[in-house]
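Subject: Handing over the model

Hi,

Here is the structure I promised to pass on.

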Amino acid sequence: MSAINGAEFFTDIILSIDETPFKDKGTLKNIVENGKDCYSYEKKGSCYRVKGTFEQLDKLVSRCQRATDHHSTATHGRTGQHNHHASTRVKSVEVSRVVMDYINKKCEEKLGKILGNCSLVTVLQSDITARITFRPQSGSFHQAAFVRQRFITFYQRVASDLHIISVPGNLHEHNKLQRKFSTLIFEPSNKKLTVMGPFPHIAEFKEFLWKTRSTKRPVSKTPTDSLSNRISGSSSAHKDPDDESCPICMETIVTNKKKTLRCKHSFCSECLEKAFVYKPVCPTCGELYGTLKGTQPDGGTMEVTKNASPLPGYEKYGTIVIHYYIPSGIQKEEHPNPGQPYEGASRTAYLPDSSEGRMVLGLLRRAFDQRLIFTIGRSTTSGRNNTVTWNDIHHKTSTHGGPTHYGYPDSEYLSRVRDELKVKGIE
């Protein structure tokens with residue numbers, strides 16, 4: 001097996017190796033134990049579960065492959081047959097078609113490095129899911145199995161951070177926006193744009209959208225007066241500069257129906273009233289007016305435990321473990337599909353048991369009580385709709401792996417999550 005440059009993506013991987021392909025089970029045991037100083041492992045049934053870095057496990061796979069290839073060569077030319085049957089034992093993976101569409105369009109280079117000389121066979125199962133199989137062009141079961149492990153780690157990271165929103169727009173705006181936000185996918189449909197991409201880039205796009213729509217500008221009724229013109233900074237209108245457009249409906253604000261907030265942003269009073277029903281914040285700058293309540297389903301619990309194990313970067317402190325549980329139920333009027341059932345969720349998050357960590361815990365408790373931690377929507381991991389998902393308050397769901405794996409060390413995390421909570425009036 002040739003080494004695949006994946007070290008830039010993975011620093012902590014768990015690899016399962018089945019001893020079935022080995023004629024002598026002691027061979028695999030010796031191979032695994034010879035590297036125990038570099039990684040940790042445990043045996044469950046007929047499988048060894050080995051945890052280590054990309055480089056360590058890549059070398060382990062190579063040693064396993066040489067052992068099985070040697071056995072196959074000794075069976076007088078049956079290597080090809082052996083590899084064919086071995087590769088069929090690699091389980092296929094069910095994936096969301098939405099997530100895979102994003103990966104194929106925006107992560108092609110990374111996916112290629114992960115696959116190496118393996119090919120990806122995709123079978124569509126429904127409008128939502130597909131099943132993919134890994135087939136090595138040369139090599140053994142172990143090569144395909146290792147690629148499968150790496151792919152799952154990469155897929156889960158992409159899926160957990162993928163967000164989808166819908167905004168007003170047209171085909172011409174779609175082309176302009178796609179050039180400006182290269183990491184996002186824009187799909188025009190019925191005078192709207194469906195936007196998909198990583199959460200930080202979606203947030204950046206939404207901020208850009210609010211800024212362009214809140215800018216005072218002349219109002220034109222011509223087709224050229226659109227979001228795409230504001231992207232390029234041009235405008236074809238030549239009306240009274242005192243005219244002010246409402247950032248919500250984009251029409252000129254009638255003087256006697258104008259509402260100006262204390263943050264100095266102005267709107268049509270009717271538009272603002274409707275916006276405040278959804279969320280009591282300024283649609284332009286996000287300043288809070290009143291107590292923000294979310295759409296987190298009722299009946300959930302937030303339990304906290306502690307242990308003495310430190311988190312990376314917080315070696316002087318123990319760990320706070322938050323256990324969230326939201327039961328399944330029926331959606332209410334505030335949810336996307338009232339009357340339909342939704343699937344609940346259990347989640348675990350981690351904080352350092354430092355003074356700042358305990359402060360953040362208190363803030364998260366307030367956010368949970370205000371129903372802001374979770375919402376109901378479409379899971380980017382499974383592709384299923386009508387399920388409980390994280391809202392936009394980020395949590396550390398892993399103790400290790402750094403920011404790209406939603407774990408520690410991450411020296412800026414506590415500061416970031418406090419900023420996210422402050423926007424919601426929790427500080």
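**What turned up**

T319 stands opposite P352 in strand 16. Before going further, please note that this is a predicted model, in which local features need pLDDT of at least 70 and side-chain atom pairs count only at pLDDT 80 or more, while totals for chains, interfaces and linings use all residues. Residues are numbered from 1 along each chain as its sequence is written, and side-chain values use heavy atoms, leaving out hydrogens and water.

Strand 13 covers residues 319-326; helices (H or I, at least four residues) and strands (E, at least two) are DSSP runs, numbered from the N terminus. Strand 13 is joined to strand 16 (residues 345-352) by 8 bridges, and the two run antiparallel. Strand 12 (residues 301-307) is also antiparallel to strand 13, with 7 bridges between them; two strands pair if DSSP finds at least two bridges between them. On that side, T301 stands opposite Y325.

Next, two residues in loops. H335 sits between strand 14 (329-330) and strand 15 (341-342), and is buried at 7% relative accessible area. Beyond its neighbours within four places in sequence, H335 is in contact with T295, P297, R371 and I376; contact means heavy atoms within 4.5 Å. A polar atom of the H335 side chain lies 2.9 Å from the backbone oxygen of T295.

D410, in the loop between strand 18 (387-390) and helix 12 (413-423), also counts as buried, with 7% relative accessibility. Its side chain makes a polar contact of 2.8 Å with that of K396. A polar contact is a pair of N or O atoms within 3.5 Å; within protein, one must be able to donate a hydrogen and the other to accept it, and residues adjacent in sequence count only if both atoms are side-chain atoms.

Helix 5 (residues 108-115) has L111, I114 and L115 as its buried residues. Seen down the helix axis, these fall within an arc of 95°, so they line one face of helix 5; the arc is that of the directions from the helix axis to the C-beta atoms. After helix 5 comes G116, with a positive phi near 60°.

Best wishes

Key:
Buried < 20%, exposed > 50% of the residue type's maximum accessible area, 1.4 Å probe, protein only.
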